Amino acid sequence: MNERETAVRITVLTVPGCPNAPVVRERLQTALAGRAVPVDLVEVSGEASAARWGMAGSPTVLIDGEDPFAAAGTRPSVSCRLYRQADGTTDGAPGVADLRRALAQAGLPEAAGEEYCEADILDPLGRAGRGRRAPADRGLRAVHQTVLLHFADAGTAPAPGVLDPVAAPYGRTARDVLAELAAEDFLTLDEQGWIQAAYPFSATPTPHRVRIDSGTRAWSMCAIDALGIPAMLGRDVVISSADPVTGEPVTVIRTTSR
């Protein structure tokens, strides 16, 4: 075990129930590539606590107590945090490549035999899972789009049995395709391999409820994701959320021009 590995400490600051907390933890695990670095998860409630911890929105990643992604003048916040990706899109957690760079700047050695190649098959489409399409080959796009449409039509994640006929023409099982989609951050899976989230939808309740004009009710990963659903579907939606500080209900009606 490298002494520098144990010296580096990572802290993830989130508000209770933050839907992007599991996302950032998964990306940290990928970025660390098995290196022995402790990762502490701290739930922060209230602006005063956020100020003490140096939290600039949920989630915030601290490396050795510093926020490598904070811009100058960033104020403490318990609201959803957005991270700018290399392709100009925004996401609710830092990308794996950005986390790797931040860890390297903190002095963490590369994992033995690990090559951080940015030119893999999904790079031309951009990282972060949101605002991009899965590749057409190996059944990735077909299964991914079926998952999203199922959320839009039923408000829930489809079971692998529903997806198996979609994956079968590519000589694969749904579980294999889902695992690959999860590895490239198009969606997240729980320990049993069931769909936990497929951006922008969440399979578990969150503070952000979305009612689509068809009558379908779905959960969104975060407020920003909810605002993107009408543009993605070309449908009108009503978003029911809450102020992250006061808890007061917030309703947003988003319509699309057709």
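Modeller: A term to start: axes are lines fitted to C-alpha atoms, for helices over the stretch in contact, and angles run from 0 to 180 degrees between N-to-C directions. What you see is a predicted model, where local features need pLDDT of at least 70 and side-chain atom pairs count only at pLDDT 80 or more, while totals for chains, interfaces and linings use all residues. Residues are numbered from 1 along each chain as its sequence is written, and side-chain values use heavy atoms, with hydrogens and water left out.

Colleague: Okay, at what angle do H5 and H6 pack?

Modeller: Helices (H or I, at least four residues) and strands (E, at least two) are DSSP runs, numbered from the N terminus. Find helix H5 at 140-154 and helix H6 at 160-167. Their axes are 9 Å apart, and the packing angle is about 140°.

Colleague: How many residues of that H5 and H6 contact are nonpolar?

Modeller: Contact means heavy atoms within 4.5 Å. From H5, Ala 142, Val 143, Thr 146, Val 147 and His 150 meet Val 162, Leu 163, Val 166 and Ala 167 of H6. No charged residue takes part and 2 are polar, so by the rule that Ala, Val, Leu, Ile, Met, Phe, Trp, Tyr, Cys and Pro count as nonpolar, Asp, Glu, Lys and Arg as charged and the others, Gly among them, as polar, the nonpolar count is 7.

Colleague: Which residues of H6 are buried?

Modeller: Buried means under 20% relative accessible area, exposed over 50%, and partly exposed in between (1.4 Å probe, protein chains only). Gly 161 and Pro 165 are exposed, on the face turned away from the buried side. That leaves the buried ones to name: Pro 160, Leu 163 and Ala 167.

Colleague: Within what arc do those buried residues of H6 fall?

Modeller: Look down the helix axis, taking the directions from the axis to the C-beta atoms. The buried residues of H6 line one face of the helix, because they fall within an arc of 65°.

Colleague: How far apart in space are Val 23 and Ala 93?

Modeller: In sequence, the two are 70 residues apart. Go C-alpha to C-alpha instead, and the gap is 6.9 Å.

Colleague: What is the count of buried residues in strand E14?

Modeller: E14 belongs to an open antiparallel sheet of 7 strands, in the order E8-E9-E10-E12-E11-E13-E14. It stands at an edge, so one side is left without a neighbour in the sheet. Strand E13 runs antiparallel to E14 and joins it through 6 bridges, with Val 237 opposite Arg 254. E14 is hardly covered, and among its 6 residues the buried count is 0.

Technical notes: Pairing = 2+ DSSP bridges.
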